[in-house]
Amino acid sequence: MERFLIATHAKHSFLFLNGKLAKGSPALFSKDNEEWTIPKNTHIEDPIYLIYVQDLDEASPTPRQKKLILQEQSRATIVEYYINLKATHSIIHATTTIELHPKAELTHLVLQKMNEECQHISEMQLEQAAFSRYCGTAILLGGKLNQLDFVSNLNQPQANSSFGILEYTKCQQHQNINLTINHHTSHCESKTVARSVANDHSKSNFTGKIIVHKNAIKSKAALENKNLLLSFEAEAKTCPQLEIYNEDVQCSHGATVGHLERDALFYLKSRGIPEQEARQMLISAFISPGLQNIQPPELLNHIETLIYDA
Amino acid sequence: MNQIILDVKNLHAGINDTVILQGLNLTIRAGEVHVIMGPNGSGKSTFANLLARKENYTVHQGHIRYLEHDLLALSPEESAWLGLFLGFQYPVAIPGVTNIQFLKSALNAVRKSKGEPPLDAFDFLKLVKDKMQLLEMSEELLYRSVNDGFSGGEKKRNEILQMALLNPLLAILDETDSGLDIDALKAVANGINKERRIDGAILLITHYQRLLDYIKPDFVHVLSQGKMVKSGDKSLALELEDKGYAWLEGQ
């Protein structure tokens with residue numbers, strides 16, 4: 001992580017950039033206000049990090065709006081971090097619009113790890129053109145009250161969206177996720193894998209809806225939400241939904257809520273693996289399907305540390 | 001006489017409120033192979049699970065001593081560190097945990113308990129591949145999730161692989177021969193014979209005499225209605241195979 005600069009303090013602090021860009025090589029992308037554009041046919045191999053640091057006490061919500069545009073046949077990896085360096089009572093309202101033009105490919109990671117006093121509201125809207133690919137992950141770790149509203153519009157044929165979500169809550173945290181995936185046209189594919197781990201007295205609510213519109217024949221859509229409760233007081237509510245308005249589709253949805261499997265835990269312990277380590281192994285196994293979109297792979301270790309150090 | 005490894009006296013125990021074992025006695029010394037046979041529902045698996053410290057089992061009376069320890073006061077992981085191993089009748093599948101990760105964690109946890117340094121990835125891989133070759137196991141099984149989608153024979157071989165890696169003092173094998181074809185049975189029996197410790201002991205729980213063609217028992221016990229009703233040598237197993245358990249009830 002050393003090679004990426006981080007700027008802080010500014011009220012609307014955002015930043016910063018890939019080492020290559022910071023060293024003054026030709027700009028691979030342009031930024032106008034909060035609109036980021038990856039030009040046509042540009043492939044940016046190194047991840048672009050956008051790190052949002054909140055370190056002010058704010059009574060009123062801090063708005064953070066931005067737009068990411070990937071023009072035709074461009075390709076990029078964007079990693080967004082939402083953190084704060086000191087404990088503050090603040091409300092963040094982040095709005096992100098993503099446009100993927102034909103054949104554009106975006107690998108996207110949003111990681112939120114605010115302190116326990118923060119409230120974080122995040123709205124994401126994704127617009128996908130023909131043959132574009134979105135490969136995204138949202139990881140929600142911190143904050144007292146978190147809300148993620150994600151709307152994905154598959155607007156032209158052969159658009160492909162894969163979205164992984166991980167919530168990891170503890171103490172009195174409360175998280176809401178609302179997801180809507182619109183298949184507006186034919187031959188598109190969407191896959192959503194959400195995992196939630198709730199500890200202590202935390203609560204997690206998940207609502208996910210796939211809408212396959214009338215003309216969207218040959219759609220493939222899958223939605224899965226699994227919840228793991230690590231305490232008897234934790235709560236998970238899940239509501240996966242399908243609305244399908246034509247006959248020629250392949251769709252699936254499913255949800256589970258449960259505790260760690262006692263037989264599996266006993267099996268590991270009976271081989272000498274200590275209780276804590278055995279639980280950790282089972283939790284990692286549970287969440288890993290939600291993290292499979294993460295690129296580059298080195299980030300995964302870093303993220304696992306963030307999750308378990310919470 | 002050799003050192004006593006396991007000493008069970010007048011054990012009355014069950015799961016939740018149901019009493020299953022009703023006055024079971026058993027003494028196992030170093031170097032011995034014991035076999036427990038008995039009809040379905042006689043308490044064989046209850047006894048094995050109790051020895052491995054599975055939760056929800058209640059002991060009403062009697063005691064189990066393992067070496068100098070009160071076994072009932074040990075946790076599952078502690079009894080594993082002290083060299084007790086149960087090969088499960090129905091090994092659990094754990095999707096998402098790779099077999100190699102599981103085997104390495106288990107081995108290094110047991111090594112740590114003895115004050116030994118952990119094996120690094122290279123040494124571990126070499127060790128595990130050697131043992132797998134002995135059991136005629138495909139190396140591909142290392143990279144799959146633990147027991148997930150394994151065939152019956154693969155699961156049982158995987159149990160013996162764990163035994164081979166952890167090198168236990170007392171190996172309790174609960175119906176390890178069930179569901180195996182003849183080749184698999186030979187491979188598993190061969191593994192057990194090669195990996196057993198001279199200073200340790202084996203307790204086999206089985207329905208069939210055929211495993212005893214490969215692993216020579218010193219004692220054969222018949223468990224019925226929660227207690228040992230007869231003990232003898234290998235000839236008892238042959239006689240049972242011939243006459244069935246009804247023969248014992250008539251005695």
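Predicted model: local features only at pLDDT ≥ 70, side-chain atom pairs only at ≥ 80, totals over all residues.
From helix H2(A), the residues A:Ala264, A:Leu265, A:Leu268 and A:Lys269 meet A:Glu275, A:Ala278, A:Arg279, A:Met281 and A:Leu282 of H3(A). Sorted by class, this contact of H2(A) with H3(A) has six nonpolar residues and three charged ones, with no polar residues.

How do the two helices lie against each other? The axis of H2, covering residues 262-269 of chain A, comes within 9 Å of the axis of H3, covering residues 275-287 of chain A, and the two cross at roughly 130°. Because of that angle, H2(A) counts as oblique to H3(A). The crossing of H2(A) and H3(A) has a right-handed sense.

Now turn to the sheet. Eight strands of chain A form an open sheet, in the order E3-E5-E7-E9-E11-E13-E15-E17, and their pairing is parallel. At the edges stand E3 (48-53) and E17 (249-258) of chain A; each has a single partner strand, so one side of each is left without a neighbour in the sheet. From one strand to the next, the twist averages 5°.

Strand E15 (residues 219-229) of chain A runs parallel to E17(A), and ten bridges join the two. Within this pair, A:Ser219 stands opposite A:Val249 in E17(A).

Note on methods. Residues numbered from 1 in each chain as written. Chains lettered and ligands numbered in written order. Axes fitted to C-alpha atoms, helices over the stretch in contact; angles between N-to-C directions. Helix = DSSP H or I, 4+ residues; strand = E, 2+ residues; numbered from the N terminus. Parallel < 35°, antiparallel > 145°, perpendicular 65-115°, else oblique. Left-handed = near helix turned anticlockwise from the far one by under 90°. Contact = placed C-beta atoms within 7 Å. Nonpolar A, V, L, I, M, F, W, Y, C, P; charged D, E, K, R; others polar. Pairing = 2+ DSSP bridges.
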